[in-house]
Amino acid sequence: MDFLFDQLYLFVISFIANTLSAMAGGGAGLLQFPALIFLGLPFTYALATHKIATVALGLGATLKHSKENHLNLKFSCFILACGLPGVILGAHTIVHIPEYIAKLSLGVLT
C-alpha cells in the first residue's frame, strides 16, 4: 500500500510541478526534486532521475512547437545533440560521486 501511495504522491507533485513550470517557463525541480528525496530516493538518484525527467519534458515541448510550426528543426537537433549526452553523462556521473560532495556542489552552484 505504501508503494501505491508513494506513486500517487509523486504523480500529483510532478503534475503540479510541471503544470506550474509550463506556465512560468521553468522551476519544476523546486517541487519535484525535493519530493523524490522525501519519498526516500538518495540525493544522487533523485537528482539523476529529475534531470532525465527534464529531458522528457523538453521533448514534449519540442513536439508541441513542432506541431504549431514554431520550431527551427536544425537548431533543435543541434541543441538536443549537445544537451542529451551531457544529461546522460551527468546522470551517470552523479551516482558515482559521494553524496556529501554532490550536496555541497548543488549548494554552491545554486
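Is C77 buried, partly exposed or exposed?

1. **C77.** This residue is partly exposed, because its relative accessible area is 44%, which falls between the cut-offs of 20% and 50%. Keep in mind that the model is predicted.

2. **No disulfides.** A search of the whole structure turns up zero disulfides. C77 takes part in none, and the nearest cysteine sulfur, that of C82, lies 11 Å away. C82 is in no disulfide either; for C82 the nearest cysteine sulfur is that of C77, at 11 Å. C82 is partly exposed, at 47% relative accessible area.

3. **A tilted ring pair.** The structure has four aromatic pairs. In one of them, the ring centres of Y9 and F38 are 5.7 Å apart. Their planes meet at 55 degrees, so the pair counts as tilted. Y9 sits in helix α1 (residues 2–24) and F38 in helix α2 (residues 29–38). The two residues are 29 residues apart, so the pair links distant parts of the chain. Y9 is partly exposed at 25% relative accessibility, whereas F38 is exposed at 62%.

4. **A stacked ring pair.** F11 and F15 also form an aromatic pair. Their centres are 6.2 Å apart, with 25 degrees between the planes, and the pair is stacked. Both residues lie in helix α1, four residues apart, about one turn of the helix. F11 is exposed, with a relative accessible area of 55%. F15 is exposed too, at 53%.

5. **A ring cluster.** Which residues do ring pairs link into a cluster? They are F5, Y9 and F38.

How values were computed: Residues numbered from 1 in each chain as written. Predicted model: local features only at pLDDT ≥ 70, side-chain atom pairs only at ≥ 80, totals over all residues. Heavy atoms only, no water. Disulfide = S-S within 2.5 Å. Buried < 20%, exposed > 50% of the residue type's maximum accessible area, 1.4 Å probe, protein only. Phe/Tyr/Trp six-rings, centres within 6.5 Å; stacked < 30°, edge-to-face > 60°.
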